[in-house]
Amino acid sequence: MEVNKDEALRCIDIAEQYIGDGNPEKALKFLVKAEKLYSTSKAQKLMENIRSNRSTDQNNMSEPRRRTTSSSKENTRRRETPESSTNTEYSVEQLKQVQRIKKCKDYYEILNVTKEATDTEIKKSYKKLALQLHPDKNKAPGASEAFKAIGNAVAILTDVEKRKQYDLYGNNDEKMSFQRHHHNHHYQEYTRGFEADMTAEELFNMFFGTGFSTHQSNVFMRRNGRWHRNNDEDTSPQSQHNGAAVFIQLLPILLLIVLSMLSSLFISDPVFSLSPSSKYPITRHTTRLNVPYYVKENFRPDPHGGMTRLEANIEEEYVNNLRHNCYKERNHKDAMIWRAQTMGDNDLIAKAKNVRTPSCEEFIKIAKVY
């Protein structure tokens, strides 16, 4: 069906990731799932390639191994030669650290910290791992990828907003492998935030001042949510001129801010509030819809028709708030159902479908009268 096309394409993207990681068995499962959702020539071709490669490997394994006595002796000598003597550029501990990170499923596991870890604990763990995995020090296979992984992890987990988004939407196993190939509209806005704004080497320099292979001192500043390299020695006339130009451009904005602050001094408080507070402690209800609202202690009803207009405004604002909250509740529920269907968990699907939407229920009741 056409409605399943996006989900099928997403499954194909995941399969390609597993093929690249050398895991054809898991790739084949996702390709079969893609074919069930929406048949494509791309999925069929990938399935044929995997199956043909599998049959070739089986034929090679079934061929009798014919070796002469001399070659057997040579192989025996090779087996007796310690593996460590062929490569002395990295230690067993360095290789184990790289392999551990490769098996990790989320950023907390990569940095070897808990989800409750503070910024200080996360940075401390990163520094320890970065010194072990820097490509100039660790020559084990995959060390560069592991170094990039810990850099990406610390960049996300030390950013308050990105860490909050990641904790909500970034902890299922499949997401780590296909987040850059995601096509579904429910999660596009979140997956964009799970990549570091700096390279792994720049992050390393930011934490340690300088890397193993560079002697240039850099200072990094955060602007508009991204890290940028800043050179403190840049005091040229051109840079000073640019600073003055920026200040002139900001003058209208500063004037608007000042004017808005001045105007706020002359604006009185609203007559009512839809939520109680120390300023609005008195509870009242509208006549038509019985909507609760709150007023100040010195509130006096207008006997000349003013209450009718006031209650109409209260009910209109109340209904608009319900409509907005209902929209958010439905989006949240749809996202939970989609996530559960992606994971294939029937219990989670049933639980997601049973999530209540109280604002929507209230809005439906009032809409009949309103």
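This is a predicted model: local features need pLDDT of at least 70, side-chain atom pairs count only at pLDDT 80 or more; totals for chains, interfaces and linings use all residues.

Trainee: Okay, so are Tyr 108 and Tyr 166 buried or exposed?

Mentor: Tyr 108 is buried, and Tyr 166 is buried too.

Trainee: How many aromatic pairs does a search of the whole structure find?

Mentor: Three. For the angle, planes under 30 degrees apart count as stacked. Take Tyr 107 and Tyr 166: their ring centres are 4.7 Å apart and the planes sit at 25°, so this pair is stacked. Tyr 107 belongs to helix α6 and Tyr 166 to helix α9, so the pair ties together parts that are 59 residues apart in sequence.

Trainee: Why is the pair of Tyr 108 and Tyr 166 called tilted?

Mentor: Their planes are at 45°, with the ring centres 6.4 Å apart, so that pair counts as tilted. Put together, Tyr 107, Tyr 108 and Tyr 166 make one aromatic cluster.

Trainee: Now strands. In which sense do β3 and β5 pair?

Mentor: First, the general idea: side chains in a regular strand alternate between the two faces of the sheet. Here, β3 and β5 pair in the antiparallel sense over two bridges, and Phe 272 stands opposite Val 295. Strand β4 also runs antiparallel to β5, joined by four bridges, with Thr 283 opposite Tyr 294.

Trainee: And what lies between β4 and β5?

Mentor: Their hairpin has six residues between the strands, and Asn 290 takes a positive phi near 60° there.

Methods:
Residues are numbered from 1 along each chain as its sequence is written. Side-chain values use heavy atoms; hydrogens and water are left out. Two strands pair if DSSP finds at least two bridges between them. Rings of Phe, Tyr and Trp (its six-membered ring) pair if their centres lie within 6.5 Å; planes under 30 degrees apart count as stacked, over 60 as edge-to-face and the rest as tilted. Buried means under 20% relative accessible area, exposed over 50%, partly exposed in between (1.4 Å probe, protein chains only).
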